[in-house]
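This report describes a few local features of one protein chain. Please read it with the sequence and the model side by side.

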Amino acid sequence: TTATAATTTATAATTTATAATARQSAAAEPGRAADKLQAGRAAAWRQSRSPSGPLQAARPVSCALNRLPIAVTARVHLFAYIHAGDPALLAHWLRHYASLGLDLSRANITLDEYMDEEPSAVTPNHRRMLVKASRELLHAYGVPFRAAHGYSSEAKTAAANAYMATLPRDALLVYPDLDELFHYPCNLEARLRQRRTANKTVVLSAAAHDRVAADWTLRPMEATAELAAAYPWACPLSQLIQDQTLNLHLAFRKLVLTPVVDARGRSVRYISSHQLVALPEAEELPSMTWGVPPFDHYRYTSMTVRNLVRKIESYRKATRTAHQSSIFNHSFPSAAKAVHKYEHEMSLFERRGDVWAVREDVSVQMRCLLRVNESSNESVQTRPAP
């Protein structure tokens with residue numbers, strides 16, 4: 001027991017030292033901050049895991065708020081860069097963030113209406129109908145938006161950072177993709193207050209619950225359907241894909257609440273939707289995951305294959321942009337890596353008659369939760385995927 005405890009202590013110390021070394025190196029060479037931080041975090045993660053490792057397991061759900069406290073929503077601003085091709089999902093997305101109490105009238109939304117890379121089966125008239133339906137939904141919720149005609153990670157991150165620069169210094173940003181429904185801990189207001197009293201920066205991140213249909217098919221999204229019933233499995237599919245393609249061996253997390261400035265008054269900016277730095281030092285800001293409910297990730301629907309085809313084609317054509325600072329230029333995966341990731345993700349699915357589905361040999365690599373009550377965000381059963 002003593003030897004085991006000593007080994008554990010030594011491993012923890014080595015892990016801490018590895019991460020600290022990466023942060024120090026990043027501060028000394030801001031132009032390659034993200035690369036060095038990524039390497040240090042990956043090394044720390046590998047040291048903390050058993051060589052064989054367990055099945056990828058979905059994280060259990062903790063207490064979640066149905067609505068954010070007024071004192072919090074007064075500070076929260078919503079930013080998103082979303083595609084116009086899935087109005088059914090957009091209806092759920094708007095309903096969710098409105099129900100949390102966010103003021104959508106002051107949101108900053110970019111609606112990407114570019115559809116030339118959609119499959120040929122989607123007719124021009126159908127494309128116009130999708131765009132029209134998405135625009136009408138945004139108008140119905142009183143959401144201001146601007147139209148764009150193309151997507152890249154660089155453009156999205158640059159837009160988020162430009163918006164942050166316009167916000168009050170005490171503002172908090174919520175930055176979800178269209179398929180992401182964030183949840184917040186029941187003690188959110190108290191945690192924010194405690195961190196402010198202790199003069200510490202508040203950054204919250206969450207694990208993903210990738211929602212999948214009961215029969216593992218990529219079923220169509222319906223605007224009026226009960227999402228929990230339609231996609232009851234909550235799985236760590238994003239984690240599995242990240243481990244198999246990027247070879248990072250990092251816990252898959254998404255930033256769900258971020259400040260505009262840190263506790264030292266430095267401007268906070270995104271390197272990606274998973275990573276923040278404080279400028280000008282490019283110091284990575286750690287996030288808190290403990291007690292933060294996993295977010296629901298509705299990526300795996302009948303739109304999945306179409307969206308992957310669109311992303312693959314987009315990244316194949318992508319070229320590096322030069323309008324950002326060197327800090328950000330070094331932070332994004334190359335187009336080739338992005339193509340590899342999305343092509344691998346495509347390979348996880350198979351045709352079952354007229355529909356796509358998660359391959360059986362993929363589903364057995366995960367341990368999923370069966371979530372049947374989305375309104376209370378409770379998991380009622382845990383078992384291995386079939």
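A residue is called buried if its relative accessible area is under 20%, exposed if over 50%, and partly exposed in between, using a 1.4 Å probe and protein chains only. The model is predicted, and local features need pLDDT of at least 70, side-chain atom pairs count only at pLDDT 80 or more, and totals for chains, interfaces and linings use all residues. Residues are numbered from 1 along each chain as its sequence is written, and side-chain values use heavy atoms, with hydrogens and water left out.

**A buried lysine**

Lys-254 has a relative accessible area of 1%, so it counts as buried. Lys-254 belongs to strand β10, residues 254-259. Strands here are DSSP runs of E with at least two residues, helices are runs of H or I with at least four, and both are numbered from the N terminus. The side chain of Lys-254 makes a polar contact with the side chain of Glu-180, at 2.4 Å. A polar contact is a pair of N or O atoms within 3.5 Å; within protein, one must be able to donate a hydrogen and the other to accept it, and residues adjacent in sequence count only if both atoms are side-chain atoms.

**Helix α5**

Helix α5 covers residues 124-140, which is 17 residues. Its buried residues are Arg-127, Leu-130, Val-131, Ser-134, Leu-137 and Leu-138. They lie on the same side of α5, because they cover an arc of only 125 degrees around the axis, where the arc is that of the directions from the helix axis to the C-beta atoms. Arg-128, Met-129, His-139 and Ala-140, on the other side of α5, are exposed.

**Aromatic pairs**

The structure holds nine aromatic pairs. Rings of Phe, Tyr and Trp (its six-membered ring) pair if their centres lie within 6.5 Å; planes under 30 degrees apart are stacked, over 60 edge-to-face, and the rest tilted. Two of the pairs are tabulated below.

| Pair | Centre to centre | Angle between planes | Type |
|---|---|---|---|
| Tyr-97 and Phe-182 | 6.3 Å | 90 degrees | edge-to-face |
| Trp-216 and Trp-233 | 5.8 Å | 25 degrees | stacked |

Tyr-97 in helix α4 and Phe-182 in the loop between β6 and α7 are 85 residues apart, and their pair links distant parts of the chain. Tyr-97 is buried at 0% relative accessibility, and Phe-182 is buried with a relative accessible area of 0%. Trp-216 and Trp-233 are both buried.

Methods:
The expected span of a helix is 1.5 Å times one less than its number of residues.
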